Amino acid sequence: MSNLVEISGVKKGYGISKTVFEDLNLVLPEGKIIGLLGPNGSGKTTLIKMLVGLLQPEKGSIRICGHEVGPESKAVVSYLPERTYFNLSLIHISEPTRLR
């Protein structure tokens, strides 16, 4: 059985005072159901965002199905956030088009 996710030596923080991960190492085999549990602010969302490429680690590497996070890994991993991160006032939506 191969590994779905391999995280090696990852460091991630916000600013100089908030370190979320320091030397994070994690291997998740394929074919398993994994739960990500922890209190608010423990890094669950940060980890997910790094897995999908929305955030970059400061150090270390993340591989999904043997590929660095990028186009190949995005064919395997997706992310649906609770709330949108788009500024909807910048998006122009035209009137609905009627199907004939």
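**Strands, pairing and burial**

Reply: Strand β1 (residues 3–14) and strand β2 (residues 18–29) run antiparallel and are joined by eight bridges. The model is predicted, so local features need pLDDT of at least 70 and side-chain atom pairs count only at pLDDT 80 or more, while totals for chains, interfaces and linings use all residues. Residues are numbered from 1 along each chain as its sequence is written, and side-chain values use heavy atoms, with hydrogens and water left out.

Me: What makes two strands pair?

Reply: Two strands pair if DSSP finds at least two bridges between them. Strands (E, at least two residues) and helices (H or I, at least four) are DSSP runs, numbered from the N terminus. Here, Asn3 has Pro29 in β2 as its bridge partner.

Me: How many residues lie between β1 and β2 in the hairpin?

Reply: Three residues lie between them, and in the turn Gly15 has a positive phi of about 70 degrees.

Me: Which residue in β3 is the bridge partner of Val5?

Reply: That partner is Ile64. β1 pairs with strand β3 (residues 59–64) over five bridges, in the antiparallel sense.

Me: In what order do the elements run from the N terminus on?

Reply: The order is β-β-α-β-β-α, with two helices and four strands in the protein.

Me: What share of the residues is buried?

Reply: Buried means under 20% relative accessible area, exposed over 50%, and partly exposed in between (1.4 Å probe, protein chains only). Of the 100 residues in the protein, 21% are buried.
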